[in-house]
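Hi,

Here is the structure for you to look at. My notes follow below it.

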Amino acid sequence: MAVKAYPALLRTGFAAAVAYRAEFLIWMFSTNMPLIMLALWAAVARNGPVGPYTQRGFVAYYLATLLVRLMSGAWVVWELTMEIRQGTLALRLLRPLHPLVAYSAENLAALPLRGVIALPVVGILLWSARAHLGHDPFLWAIFPVAMLGAWLLTFLVMAIIGTLALFLESATSLFEAWLGISAVLSGYLIPLDLFPHAVQRVALVLPFRFLLSFPVELILGKPARGDALLLLAAQWGYVLLFLAVLSAVWRAGLRRYAAYGG
Amino acid sequence: MIAVEHLTKEYRVHRREPGLRAALRSLVRRSMETVRAVDDVTFEVGAGERVGFLGPNGAGKTTTLKVLSGLLHPTSGKVTVAGEVPKERSTSFLKQITLVMGQKQQLLWDLPPSETFLLNRAIYDIPRAVYDETVDELTKLLGLGPLLGKPTRQLSLGERMKCELAVALLHRPRVLFLDEPTIGLDVSMQATVRSFVRAYNERFSATVLLTSHYMDDVAELCPRVLVIDHGRVIFDGALGELVKRIRPDKRVLLRLSRPVQRRDLEALGTIVEHGEEAVVLQVSHGQLQSSVQRALTQLPLRDLTVEDPPLEEVMRELFARGAKAEERALPATGVARGAEHTDGAA
Amino acid sequence: MKRLFAIVRAQLRASAALALQYRVEFVVEGALAVLWVGVTLIPILVVFGRTQVLAGWSFPEMLLVLGWFVALKGFLEGAVSPSLMNVIEHVRKGTLDFILLKPADAQLLVSIAKIEPWRVVDLAGALLIFVYAFHALGRVPSALDVAASLAMLVAALLVLYSISILVVSIAFIAVRVDNLLYLFQSVFDVARWPSTIFRGALAVVFTYLLPLALMTTYPALALLGKLTPATAFGSLLGTVAFAAFARLAWRASIGRYTSASS
């Protein structure tokens with residue numbers, strides 16, 4: 001039933017995104033951290049490569065990071081916490097459509113808009129750092145799957161933390177903490193292979209990597225084919241794990257919500 | 001106290017259709033429309049008077065009030081309040097007025113009203129002694145005791161309104177502008193607000209300008225009404241006068257001891273309600289005496305009352321007449337009348 | 001004057017009371033502030049794990065810039081932004097009228113309406129960074145240097161504030177772009193790095209058009225005793241002119257709001 005409603009949801013979501021295009025644009029332009037980091041590393045690499053990265057290499061890395069971030073972005077945590085706080089979640093629960101499904105549709109519907117804004121980034125990436133992009137068609141083939149996984153992970157984590165707002169007052173603070181930690185460990189601020197070895201080993205297995213760094217690694221053609229498949233499996237393993245966690249948290253949250261009348 | 005001469009307020013609105021194509025078009029060429037919210041309004045209010053502004057939504061009541069308080073600049077015309085020009089917004093002027101808007105509050109949401117009180121005290125520079133005295137009086141008049149210490153968000157709508165009134169009057173303004181102060185309140189709270197405003201007016205000889213589309217507010221509080229429709233003043237005088245002028249018909253309420261046929265009643269007047277035990281007739285002034293006499297002699301009555309028709313009906317009739325006149329006389333220019341806009345319309 | 005102080009004190013008191021309302025949140029936000037300071041430091045730590053000098057700055061010198069950044073960011077996100085976002089809320093709800101009716105300057109009233117006191121952690125963090133940096137440099141700044149840097153700090157604060165006032169003035173007229181302030185906050189991130197990091201077009205933009213990099217670079221240079229008096233006075237003059245311009249823009253916006261709206 002939700003499957004039947006999905007196209008309609010996507011359509012209205014798209015209309016909403018167009019209506020809010022000004023806000024949208026601003027939100028996208030606010031995602032400029034990769035460029036700021038690029039400025040830093042480009043200055044460092046002026047006199048010679050840093051690890052495996054030359055100046056052009058950094059350009060490739062950070063533009064790819066920007067791209068992945070723009071395309072996998074979600075904001076469901078803000079919507080959810082606001083609706084819980086204002087009590088309008090109750091209205092959503094009365095509809096024969098799972099609120100999280102509705103949120104996901106809204107988010108995906110904005111993809112075309114996000115794509116339009118991301119296009120120039122792609123253009124610049126191709127024009128200035130083509131040599132540093134991966135050439136293996138196999139990696140490119142699994143890239144969309146990895147992107148979907150990255151989006152799902154982002155969405156699921158946000159949904160979990162948003163749902164925690166049914167239990168906690170300061171769910172948004174928890175999310176900020178998550179943002180801080182993931183900025184470091186997902187490769188958003190610094191390429192993971194520039195960290196000291198001990199840190200790297202940990203970062204490479206944590207879920208943060210699969211939110212961002214993994215798709216970027218695919219764009220840059222870093223992993224070998226076998227490794228890429230393994231990493232893909234790990235990513236989707238995490239997706240399933242978070243899905244299970246979300247399901248449990250959501251059910252518990254609703255029980256509590258019903259008990260307290262919202 | 002208040003003098004308004006030929007006040008006109010126009011503003012330009014950008015009309016846009018929904019949809020992507022229209023949005024793109026509007027980037028290149030904007031279609032603007034001029035709305036005349038207030039149209040050549042003239043009136044005077046003396047100190048200590050209580051005046052009501054009546055009118056349907058979009059009539060221009062709130063706009064007029066905002067011009068009088070200095071929030072809006074008139075397009076043309078002269079306005080003086082308490083001897084000053086409102087749009088200058090001088091400190092001395094602002095200290096003499098207050099504006100209360102129903103449904104909008106100045107109380108800080110997460111803090112107790114007492115915090116907002118203290119803030120306003122500093123802003124209005126109220127001396128300690130005067131402040132304490134005023135707070136005491138307001139607390140007594142409004143029954144604020146236990147409310148002042150609770151965060152505003154925990155108060156009920158009625159309690160919040162009482163605190164809003166208090167904070168608006170902390171600096172003992174001489175002129176009160178009340179914009180729909182009883183909207184959304186339950187009946188008993190409406191009564192509380194009305195009696196409080198009256199008490200304040202009598203105690204401090206403050207001038208009160210009240211807008212409402214609740215007839216009871218105006219009927220109970222304002223000996224004088226200004227009726228505004230489509231930006232124009234169509235009546236200025238006592239409410240009783242207005243009723244007489246608009247609906248010279250009276251209402252005759254009959255309590256019957258047994259049912260009466262329709263045709264027996266039709267001879268006396270227009271039937272508004274026809275029940276087994278109670279009948280309401282509408283009778284014109286001229287016909288009143290004869291109808292009453294005939295009812296008393298011919299009908300099996302238990303009781304007979306003659307009264308004015310409800311205010312709501314009077315107003316509805318008034319505005320309906322106004323609308324019909326508008327339709328006939330509307331000029332072919334691009335000037336639209338009325339339409340009150342929400343703040344911050346982009 | 002006395003009245004002005006009374007108003008400022010009353011307003012600060014109200015916003016402090018507001019912030020202290022939720023004690024748990026207070027502690028949580030304080031902890032988050034510490035986290036963000038840490039996250040801010042990590043890129044620099046990684047960079048200087050691999051190189052000694054960056055664009056003419058040594059590690060301890062770079063730390064100074066970062067310290068000023070942390071302090072300014074704390075001020076921006078803890079005082080300026082919350083208060084001015086509040087203005088936009090007022091415009092949306094229609095309650096700005098109440099502020100305009102008060103016999104006090106509207107700009108003053110709105111500027112200190114909402115302050116987040118836990119951002120004082122940022123100031124403490126900045127101080128610690130300075131202490132560490134000078135310890136690494138093996139010397140102590142002269143009194144004159146400290147005075148000069150404080151003057152530059154005040155100038156920077158004033159510029160930040162003025163830019164925010166400008167943004168809000170725009171929001172008055174086009175309410176839909178109110179998250180322009182949010183955009184500005186993220187653009188401010190370029191002030192992490194000394195201005196010499198930027199080359200070419202970017203350097204021009206961030207030195208002259210939107211002198212963000214200078215806001216942290218100048219106070220740092222002053223602390224190091226490297227700021228010439230000419231530069232110092234020039235920037236002070238420019239700041240005052242900019243603040244006056246922002247004030248004019250605010251007045252114009254308010255004027256337009258009162259005459260153009262309904």
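In E12(B), Gln282(B) is the bridge partner of Arg251(B). Keep in mind that this is a predicted model.

A second bridge to E12(B) links Leu253(B) with Val280(B). Both belong to the pairing of strand E10 (residues 250–256) with strand E12 (residues 278–283) of chain B, which is antiparallel and runs over six bridges.

E12(B) also pairs with E11(B), again in the antiparallel sense, over four bridges. There, Ile271(B) has Leu281(B) as its bridge partner in E12(B). A hairpin of three residues connects E11(B) to E12(B).

Now the whole sheet. It is open, with four strands of chain B in the order E11-E12-E10-E13 and antiparallel pairing. Strand E11 (270–274) and strand E13 (301–307) of chain B are at the edges; each has a single partner strand, so one side of each lacks a neighbour in the sheet. On average, neighbouring strands are turned by 20° against each other, direction ignored.

Helix H11 (residues 285–298) of chain B packs on this sheet. H11 touches E10, E12 and E13 of chain B, and its direction makes about 170° with that of E13(B). How much of E12(B) is buried? Five of its six residues are, so to speak mostly covered.

Over to chain A. Phe167(A), Leu168(A) and Leu174(A) make up a nonpolar surface patch, with about 240 Å² of accessible area together. Phe167(A) sits in the loop between helix H9 (137–164) and helix H10 (171–185) of chain A. Its relative accessibility is 33%, so Phe167(A) counts as partly exposed.

Best wishes

Terms used:
Residues are numbered from 1 along each chain as its sequence is written. Chains are lettered from A and ligands numbered from 1 in the order in which they are written. This is a predicted model: local features need pLDDT of at least 70, side-chain atom pairs count only at pLDDT 80 or more; totals for chains, interfaces and linings use all residues. Side-chain values use heavy atoms; hydrogens and water are left out. Two strands pair if DSSP finds at least two bridges between them. Helices (H or I, at least four residues) and strands (E, at least two) are DSSP runs, numbered from the N terminus. Axes are lines fitted to C-alpha atoms, for helices over the stretch in contact, and angles run from 0 to 180 degrees between N-to-C directions. Contact means heavy atoms within 4.5 Å. Patches are made of residues with over 30% relative accessible area and no salt bridge: like charges are joined within 9 Å, nonpolar side chains (Val, Leu, Ile, Met, Phe, Trp, Tyr) within 5 Å. Accessible areas come from the Shrake-Rupley method with a 1.4 Å probe; for residues, only the protein chains shown count as cover. A salt bridge is a side-chain nitrogen of Lys or Arg within 4 Å of a carboxyl oxygen of Asp or Glu. Buried means under 20% relative accessible area, exposed over 50%, partly exposed in between (1.4 Å probe, protein chains only).
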